[in-house]
Amino acid sequence: MTVITPPTKKHPKVLDEAQRTSVQKSSPSAPYQRIKEACRSTGLSAYFLRKGCRDNSVPHVRSGNTYYINVPALLELLYNKSQSEQEPDCEGIRLWALVEEHD
C-alpha cells in the first residue's frame with residue numbers, strides 16, 4: 001500500500017537548503033572563482049594558485065581574506081606562456097653541433 005502525500009506549497013522566495021547551497025556556489029563558467037573552485041575548473045593545484053596570488057603571477061582580486069581568481073585571464077596567460085616556450089631554440093642546437101664538429 002503506497003501513501004501519496006499532496007505536494008506542499010512553498011512561498012516562491014523561500015528556498016530549501018539544497019537550492020540555497022547551489023545558488024551560493026558559483027558556476028564553473030564564472031570568471032572570478034575562489035581558489036577551490038578554480039582548482040576544479042582549471043586542474044591546477046591550490047598551492048600553485050595560492051602562491052601565484054601572493055606573488056601576483058596569477059590574475060586575481062582579493063576581498064578580505066578570500067582570493068578570487070580571474071580564470072579566463074589565467075588560462076589566457078598560461079596559453080601565451082606555453083606558446084612562447086614552444087618556439088625552438090635553434091641557435092643553441094647549432095652551437096652544440098659546431099662544437100662537436102670542431103673536436
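The protein chain exposes about 8900 Å², and carbon and sulfur atoms supply 56% of that area; accessible areas come from the Shrake-Rupley method with a 1.4 Å probe, and for residues only the protein chains shown count as cover. The model is a predicted one, in which local features need pLDDT of at least 70 and side-chain atom pairs count only at pLDDT 80 or more, while totals for chains, interfaces and linings use all residues. Residues are numbered from 1 along each chain as its sequence is written, and side-chain values use heavy atoms, with hydrogens and water left out.

Of the 103 residues of the protein chain, 15% count as buried (under 20% relative accessible area, with exposed being over 50% and partly exposed in between, for a 1.4 Å probe and protein chains only). The chain has five helices and three strands, taken as DSSP runs numbered from the N terminus (helices are H or I with at least four residues, strands E with at least two). Along the sequence, these elements follow the pattern α-β-α-α-β-β-α-α. Among contacts (heavy atoms within 4.5 Å) with a separation of 6 or more, 40% join residues 24 or more positions apart.

H2 spans residues 35-42 and packs against helix H3 (residues 46-54) at an angle of about 125°, with the two axes 9 Å apart. Here axes are lines fitted to C-alpha atoms, for helices over the stretch in contact, and angles run from 0 to 180 degrees between N-to-C directions. H2 and H3 are therefore oblique to each other, since angles under 35 degrees count as roughly parallel, over 145 as roughly antiparallel, 65 to 115 as roughly perpendicular and the rest as oblique. On the H2 side, Ile 35, Ala 38 and Cys 39 meet Ala 46, Leu 49 and Arg 50 of H3. The residues of this contact divide into five nonpolar, no polar and one charged.

Ile 35, Ala 38 and Cys 39 are also buried, as is Glu 37 of H2. The cover over the buried residues of H2 includes H3, strand S1 (32-34), strand S3 (66-70) and helix H4 (71-85). After H2 comes Gly 43, with a positive phi near 85°.

A positive phi also occurs at Asn 56, about 60°, although this residue is not a glycine. Most residues other than glycine have a negative phi. Asn 56 lies in the loop between H3 and strand S2 (60-63) and is exposed, with a relative accessible area of 60%.

Terms used:
Nonpolar A, V, L, I, M, F, W, Y, C, P; charged D, E, K, R; others polar.
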